[in-house]
Amino acid sequence: MAEKINGDNKTKGLVVSFGEMLIDFVPTISGVSLAEAPGFLKAPGGAPANVAIAVAKMNGNAAFAGKLGADEFGRMLAAILKQNGVVDEGICFDEGARTALAFVTLKSDGEREFMFYRNPSADMLLRPDELNLELIRQAKIFHYGSISLIVEPCRSAHLKAMEEAKAAGALLSYDPNLRLPLWPSPKEARKQILSIWDKAEVIKVSDNELEFLTGNSDIGDATAMSLWHSNLKLLLVTLGDHGCRYYTKNFKGSVEAFIVTAVDTTGAGDSFVGALLSKIVDDHAIIEDEPRLREVLKFANACGAITTTKKGAIPALPTEAEALEFIKNSS
């Protein structure tokens, strides 16, 4: 069903991204607190939704699965997914709960702090019986984060969706996307993030997440490899403006970043993941071929870098042509 929707992308493997989509309110000026901000720009966000759109912008075949409020913001977000070429058959709406909101403080270096409004928001109320299993079973890659693990019933929906995708042959991709303010405690966050760790075959963590999950401030190879498990095919550690490191069963290495002036780092990791998934969805063997993997990670680094040069995540996500032009001009 899904492959009929994306037109000329129908021959490409489907990436289904599961989880939350919300509205980020971003200050009109950087470097001030939320209280000091003179105004805010409304920006669609939510890591799994960003990844779906990032894949679609790469001319990939992407679907989003999650729950929105049956309110103006929810309808707006669903329309944005559709406008960006994302299959919307996995979306359902909640009549009783609102779409989640997040107020984002932008520091002067483009890094962020979050204040969330979700008590509860629609995404938290997704039930297992509301999942579009037909769509999920079509996934060649099933991608998810950890925010959907925080509360029931969404946690059970997340686990069911993972199980169905895996049984149907999907590659499982995990970006924990740690947002500590949403968890009851750091201890609970660590426990739940790691509770599904051994299911994923591709995992991407940031340097901060690596430190948080391991409790080790030395984020070198030994610390990264302490997170390795037997089902894992590719572990990625993103290092901001220092590029990324990669680990597979047979080799490891690093790929340099592209140097840009960061305005807003929102969505950079999602752009990186979307670019990676769009390149491996129809050729999982890339993961085991180091020269080809390095090329894909260089491309993913470029996409992440481009995304930091504009405010907001989705408007900043590049197309494949933009990324290739950026790489050409940077060499």
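Two strands are taken to pair if DSSP finds at least two bridges between them. In this predicted model, 4 strands form an open sheet with mixed pairing, arranged in the order 3-2-6-7. Strand 3 (40–45) and strand 7 (112–117) are the edge strands, each pairing on one side only. On average, neighbouring strands of the sheet are turned by 25° against each other, with direction ignored.

Within the sheet, strand 2 (residues 22–27) pairs with strand 6 (residues 101–106) over 3 bridges, in the parallel sense. Ile 23 has Leu 101 of strand 6 as its bridge partner. In general, the strands of a sheet pair through backbone hydrogen bonds, in either a parallel or an antiparallel manner. Helix 2 (residues 72–83) lies across strand 2, strand 3 and strand 6. The helix runs at about 95° to strand 2.

The relative accessibility of His 229 is 10%, so the residue counts as buried, the cut-off being under 20%. When residues up to four places away in sequence are not counted, His 229 touches Trp 197, Asp 198, Lys 199, Ala 200 and Ile 203. With Ala 200, a polar atom of the His 229 side chain lies 3.1 Å from the backbone oxygen. Val 281 is 52 residues from His 229 along the chain, and the C-alpha atoms of these two residues are separated by 21 Å.

Methods
Residues numbered from 1 in each chain as written. Predicted model: local features only at pLDDT ≥ 70, side-chain atom pairs only at ≥ 80, totals over all residues. Heavy atoms only, no water. Buried < 20%, exposed > 50% of the residue type's maximum accessible area, 1.4 Å probe, protein only. Contact = heavy atoms within 4.5 Å. Polar contact = N/O pair within 3.5 Å; in protein donor to acceptor, adjacent residues only side chain to side chain. Helix = DSSP H or I, 4+ residues; strand = E, 2+ residues; numbered from the N terminus. Axes fitted to C-alpha atoms, helices over the stretch in contact; angles between N-to-C directions.
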